[in-house]
Amino acid sequence: MTPAATAIATPPPPAAAPGAAIEWRFAVEDMSCASCVARVEKAALKVPGVTQASVNLANETLSLSAAPGFVPAALMAAVQTAGYGIHALDAPAPPPPRFGDGARLALAAALSAPLALPMLGLLFGQHWMLNGWLQGLLATPVQFVLGARFYRAGFSAARAGSGNMDLLVAIGTSAAYGLSAFELLNAAAGAMPALYFEGSAVVITLVLLGKWLEARARRQTTSAIRALNALRPETARVLRDAQEVAVPLAEVRVGDVVVVRPGERLAVDGVVILGASHLDESLITGESLPVAREVGQRVTGGAVNAEGLLHVRTTAVGAESVLARIVRLVETAQGRKAPIQRLVDQVSAVFVPVVLLIALATLLGWGLGAGDWRTAVLNAVAVLVIACPCALGLATPAALMAGTGVAAQRGILITDPQALEVAHALRVVAFDKTGTLTEGRPRLVAAEGVDAASSAQRHTLLQAAAALQAGSEHPLARAVLEAAKAAGITAAVAGGLHAVAGRGMTGEVGGKVLRLGSARWMAESAVDLGPLQARASALESAGHTVSYVAVMSPAPYALGLLAFGDTLKPGALAAVQRIQRLGVRAVLISGDNQGSARAVAAQLGISEVRAEVLPEDKARIVAELKGDGRVAMVGDGINDAPALAAADVGIAIVHADGSGTDLAMQAAGITLMRSDPGLVADAIDISRRTTTKIRQNLFWAFAFNAIGIPLAAFGELNPVLAGAAMALSSVSVVSNALLLRRWRGMAAR
């Protein structure tokens, strides 16, 4: 189908904030090499409203940012004028041609085999050469029917003042075919002229074979996305008037109660309101073991219910579900370009014109220098055929897609290709403490008044603390309220409650202004902590976090202290050790006191600690650490957002209850979909492996042309071998990238 004949069906605009740039994605057809990528991007950037355009050859997509008022029909028309088919990703693809790639390849092979077999027979002393006119009869449909795609795409490229692989193949094979036709028509009666029909036909067949193998391999790079998309059930069982009704997923609304039976896959995100079970979330979080879920806990669509009947109240459906956002973010990341791709783009912009000049020089050199124009044509054809820039165009995106795909299956969501490329060079990993290396579920281990032996002071202290913390969702607040409830203490009513970031809470209880917070805040508030200092030091040395409660009027004085204990995550020590084995330095950054932070660091083998750090100071410390090399910041994506953004690579951890998910996905280049610090080392490892594959692919792509073009120019490579080598280069680049799919993480080694 001719691209210009494709009907333009304009997609609806994606949702975006008023005035903000809108992200669009389109599927582009008929691209063949890195030069095609440059042409499509150039055409897109000329369309009014388009501010950025990026083409991924491996998954054949165009991603762009456009200002409000952008007309997608204009973009689609521009791309079609450039010679390529295009449609919106959410629109139905154009109908496939009557003969698919596999059928065309099979027919080309059937027609080319009789031309190529005589060459094989010569090795055994057999002369199976066909009559010249029969050779032409077999080669003609291969050249002009099965090879028509090369003429169409090559002509479009030439008309646009650029070149691509198709143009090289069209010129090269046409030269071989034309020379053969000339020799046949001018041959003396009964003579057998030197013909090269097998060269033109076999080259086209080999190119078609290479594109077919390449397409099959490229589909494997998107297997992770297809696996995630397959997690979406088409229907859900919803309670309507106390009856279970199976409805299409598109009809489920937020607030609906969905019934999930054992063995079924959850269709929506929600909260369990009835029942308990274990869920298999492996394809979403990478967690291999089923996780327990009960009433009040969040569940994610796509997970498989193991043994219990669950009633789930829907909190998100469709595009707003966690699964949909994961798929969208991974697809967006795979459509973007890694920084190293800029080098490829610069080379591709001049590659085809340079190759045409080399082919012309080869033709003239052999023709004028040696006087052998037949050899000159064949050598020039070999130059044109072997110089296909397919491998260059596929080297980076194929590895990027394979790496991000396998990482997503392990629970590592890489949303920024630059983060993937930078992470391989990390020298420092800075960890937040609470919720990252520790469980983030502290408990109150001590509540003591100035007189530690006084139970009355302890009661007053807990009552005041509970009043200040009532209604707060902070982990320390929950620990205070649980302890007060266990002691049978009813919290008093507090007025004028106010949270001071990085310091604590203040409010009025019983006519007195109280403050609950850190030692720093108490010092700033002129509260004398001397009577509590010895006990506080002992608790901090034991690894506990200490807060204080003080009365501020009429004169400030301390009521007592509260000590909180948190436990290390089971895999925290192993996670730090893995990072250190990678040659990366671990640093602990915490708003906690020095004693507690250093006690945790000592258990983990971390020698560098920055304690008593306010949230706004974490970004400054990250900037200081950059003096030692690339820095990653690992946090829970909530109060660590400035530090995550300041780091070379922000790595956010999503908690089991889903908290931090939205901010984590926005603030960090890498999001860990389960609360396991061991995934940090895995993220660095997959980054290194992916970057290695990109460099290997680019090296071989450049080396292939650097070696192959001179060999062809000096007559050491005939067109058939050049075609086979060209096809092999593209397939080998994608196959090398696919080796990343065997990655299983550091824990598996």
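Visitor: Which residue in E23 is the bridge partner of Ile 589?
Guide: That partner is Arg 610. Before we go on, this is a predicted model, in which local features need pLDDT of at least 70 and side-chain atom pairs count only at pLDDT 80 or more, while totals for chains, interfaces and linings use all residues. Residues are numbered from 1 along each chain as its sequence is written, and side-chain values use heavy atoms, leaving out hydrogens and water.

Visitor: What makes E22 and E23 a pair of strands?
Guide: Two strands pair if DSSP finds at least two bridges between them. E22 and E23 have three bridges, in the parallel sense, so they qualify. The names come from DSSP runs numbered from the N terminus: helices are H or I runs of at least four residues, strands are E runs of at least two.

Visitor: What else pairs with E22, and in which sense?
Guide: Strand E15 (residues 426-432) does, in the parallel sense, over five bridges. Here Ala 430 stands opposite Val 587 in E22.

Visitor: Why is E22 described as largely enclosed by the rest of the structure?
Guide: Four of its five residues are buried. For each of those residues this means under 20% relative accessible area; over 50% would be exposed, and values in between are partly exposed (1.4 Å probe, protein chains only).

Visitor: What makes the unit of E22, H20 and E23 right-handed?
Guide: The rule is about the path: with the strands pointing away from the viewer, a right-handed crossover runs clockwise from the first strand over the helix to the second. E22, H20 and E23 form a β-α-β unit of this hand.

Visitor: Which residues of helix H20 are buried?
Guide: In H20 (residues 594-604) they are Ser 596, Ala 597, Ala 599, Val 600, Ala 601 and Leu 604. Their cover includes helix H18 (530-541), strand E20 (545-551), helix H19 (572-581), strand E22 (585-589) and strand E23 (608-610), with contact taken as heavy atoms within 4.5 Å. Just after H20, Gly 605 has a positive phi of about 80°.

Visitor: Back to Arg 610: how do you know that it forms a salt bridge with Glu 608?
Guide: The test is a side-chain nitrogen of Lys or Arg within 4 Å of a carboxyl oxygen of Asp or Glu. For Arg 610 and Glu 608 the closest N and O atoms are 3.3 Å apart, so the pair passes.

Visitor: Why is Arg 610 called partly exposed?
Guide: Its relative accessibility is 25%, which falls in the range between buried and exposed.

Visitor: What makes Arg 630 and Asp 648 a salt bridge?
Guide: Their N to O distance is 3.9 Å, so this pair also meets the cut-off. Arg 630 lies in strand E24 (residues 630-635) and Asp 648 in the loop between helix H22 (641-646) and strand E25 (649-653), so the bridge ties together parts that are 18 residues apart in sequence. Arg 630, at 40%, is partly exposed, and so is Asp 648, at 27%. How many salt bridges does the structure hold? There are 16.

Visitor: Now the rings: why is the pair of Phe 144 and Tyr 177 called edge-to-face?
Guide: Rings of Phe, Tyr and Trp (its six-membered ring) pair if their centres lie within 6.5 Å; planes under 30 degrees apart are stacked, over 60 edge-to-face, and the rest tilted. Phe 144 and Tyr 177 have centres 5.0 Å apart and planes at 90°, so edge-to-face it is. Phe 144 sits in helix H4 (residues 132-146) and Tyr 177 in helix H6 (residues 165-185), so the pair joins parts 33 residues apart in sequence.

Visitor: Tyr 177 or Phe 144: which is buried and which is partly exposed?
Guide: Tyr 177 is buried, at 14%, whereas Phe 144 is partly exposed, at 43%.
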